[in-house]
Amino acid sequence: MTMVTAGRALAAEIRFVEEGHRVFLDSDRHCFTVVSDSRPGVRYEIVVVRQGGWLRAVCDCPAGRHAKAGVQTACKHGAGVLRRGAREGWARWEDGRWVATGAAAA
Ligand SMILES: [Zn+2]
């Protein structure tokens, strides 16, 4: 698997915040949605998956689909969701990647 470098992930996160995106949590609390800024009315679904001790956000936007195919790309939506996780205490940025904290659901 290709890992997104820390620099790219951080850049995506900053872009997400600067563009004023908001993350919505679905009622079942398993999936997040972010409204697209370039395609009106479109929402992307982001699922946070655990791989070992670390966290990865899987997004269904075009960049996220590339990432699933193994192309190295940083999806800003996933970065924004994990940033929210850091605020809520279930994710932590550590050694260049996101890790699950003790507060994270299995
Ligand atoms: Zn995305």
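## Terms and overview

Two strands count as paired if DSSP finds at least two bridges between them. That rule matters for the hairpin described below. The model shown here is predicted.

The protein chain holds three helices and six strands. Along the sequence, their order is α-β-β-β-β-α-α-β-β. The protein chain has 106 residues, and 26% of them count as buried. Take the contacts in the protein chain with a separation of 6 or more: residues 24 or more positions apart account for 41% of these.

## The nonpolar core

In soluble globular proteins, nonpolar side chains tend to be buried together. In this model, the largest nonpolar core has 17 residues. Ile 46, Ala 57, Cys 75, Val 81 and Leu 82 have the most contacts inside it.

Leaving aside residues up to four places away in sequence, Cys 75 touches Ala 12, Cys 59, Cys 61, Ala 63, Gly 64 and Ala 67.

## Helix α3

α3 has 13 residues. From first C-alpha to last, α3 reaches 18 Å. That is close to the 18 Å expected at 1.5 Å a residue.

Which residues of α3 are buried? They are Lys 76, His 77, Gly 78, Ala 79, Gly 80, Val 81, Leu 82, Arg 83 and Gly 85. Gly 89 follows α3. The phi of Gly 89 is positive, near 90°.

β5 and β6 pair in the antiparallel sense. Four bridges join them. Trp 93 stands opposite Trp 98 in β6. The hairpin has two residues between its strands.

Asp 95 lies in the loop between β5 (91-94) and β6 (97-100). In this hairpin, Asp 95 takes a positive phi near 50°. Asp 95 is a residue other than glycine with a positive phi.

Is Asp 95 buried or exposed? Asp 95 has 7 other C-beta atoms within 10 Å, so Asp 95 is exposed.

Note on methods:
Residues are numbered from 1 along each chain as its sequence is written. This is a predicted model: local features need pLDDT of at least 70, side-chain atom pairs count only at pLDDT 80 or more; totals for chains, interfaces and linings use all residues. A nonpolar core is a set of buried Ala, Val, Leu, Ile, Met, Phe, Trp, Tyr and Cys residues joined through C-beta atoms within 7 Å. A residue is buried if 20 or more other C-beta atoms lie within 10 Å of its own, exposed if 12 or fewer, and partly exposed in between; C-beta atoms are placed from the backbone. Two residues are in contact if their C-beta atoms, placed from the backbone, lie within 7 Å. The expected span of a helix is 1.5 Å times one less than its number of residues.
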